[in-house]
Amino acid sequence: MLFDDLKKANMDALKERNTDARSILSVVITRVQNFQVELNAKGEELKDSDVLSIIQKVLKELSEEKEGYIQVGNEARATSIDNQIETLNKYLPKQLSEDEIKNIILSLEDKSIPNVMKYFKANYNGQVDMGLVSSVAKSVQ
């Protein structure tokens with residue numbers, strides 16, 4: 001399971017004294033554990049797709065944080081965030097390209113935006129940027 005891989009990588013980063021990897025893996029693990037508590041309260045199990053979703057949210061936050069550090073000229077912190085982003089990207093599956101997304105949308109019978117979004121969320125969760133899916137779906141119509 002992906003969550004177990006993250007915990008093992010966190011321990012490896014601790015042993016290697018890799019502070020960038022350790023800090024971001026700890027953040028992700030904590031968020032996953034909090035989400036797992038919510039799921040357990042509902043009687044549901046944690047899935048890899050849930051972990052991927054959390055990783056993607058953290059990556060988006062890191063990108064925004066990096067932009068802020070670049071604007072104020074803190075290159076050292078921006079480099080540190082790059083290392084953290086690189087660490088998390090190892091756990092994401094290959095992302096679908098714009099052309100691949102377009103071909104999938106064209107193969108669907110119902111090309112309405114809500115249907116396309118629902119289809120990609122159900123079948124390609126973690127493999128696509130939903131913002132990109134939305135823009136491609138709008139251009140196809």
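Is glutamate 61 buried, partly exposed or exposed? In this predicted model, glutamate 61 has a relative accessibility of 36% and therefore counts as partly exposed. Its salt-bridge partner is arginine 31, with the closest N and O atoms 2.8 Å apart. Arginine 31 is partly exposed too, at a relative accessible area of 33%. Because arginine 31 belongs to helix α2 and glutamate 61 to helix α3, the pair ties together parts that are 30 residues apart in sequence.

The structure holds 6 salt bridges, and two further examples are worth a look. Within helix α1, lysine 8 and aspartate 12 are 4 residues apart, about one turn of the helix, and their side chains meet at 3.2 Å, N to O. Lysine 8 counts as exposed, with 54% relative accessibility, whereas aspartate 12, at 27%, is partly exposed. Another salt bridge joins the side chains of lysine 94 and glutamate 100, at 3.6 Å from N to O. Here lysine 94 is exposed, with a relative accessible area of 62%, while glutamate 100 is partly exposed at 30%.

Isoleucine 55 illustrates the packing: leaving aside residues up to four places away in sequence, isoleucine 55 touches Leu2, Leu6, Val28, Leu88, Tyr91 and Leu92.

By class, the lining of the largest pocket has 5 nonpolar, 6 polar and 5 charged residues.

The second largest pocket has a volume of about 170 Å³. Of the 13 residues that line this second pocket, Asn18, Ala21, Leu25, Thr87 and Lys90 lie nearest its centre. At least two lining residues come from each of α1, α2 and α4, and the largest share, 4 residues, is from α1. The lining of the second largest pocket divides into 5 nonpolar, 3 polar and 5 charged residues.

Key: Residues are numbered from 1 along each chain as its sequence is written. This is a predicted model: local features need pLDDT of at least 70, side-chain atom pairs count only at pLDDT 80 or more; totals for chains, interfaces and linings use all residues. Side-chain values use heavy atoms; hydrogens and water are left out. Contact means heavy atoms within 4.5 Å. Ala, Val, Leu, Ile, Met, Phe, Trp, Tyr, Cys and Pro count as nonpolar, Asp, Glu, Lys and Arg as charged, and the others, Gly among them, as polar. On a 1 Å grid over the protein atoms alone, a cavity is a set of points where a 1.4 Å probe fits but cannot get out, and a pocket is an open set with protein on both sides within 12 Å along at least five of seven lines; lining residues have an atom within 4 Å of a point. Grid points are joined across faces, edges and corners, and a volume is the space filled by probe spheres set on the points. A salt bridge is a side-chain nitrogen of Lys or Arg within 4 Å of a carboxyl oxygen of Asp or Glu. Buried means under 20% relative accessible area, exposed over 50%, partly exposed in between (1.4 Å probe, protein chains only).
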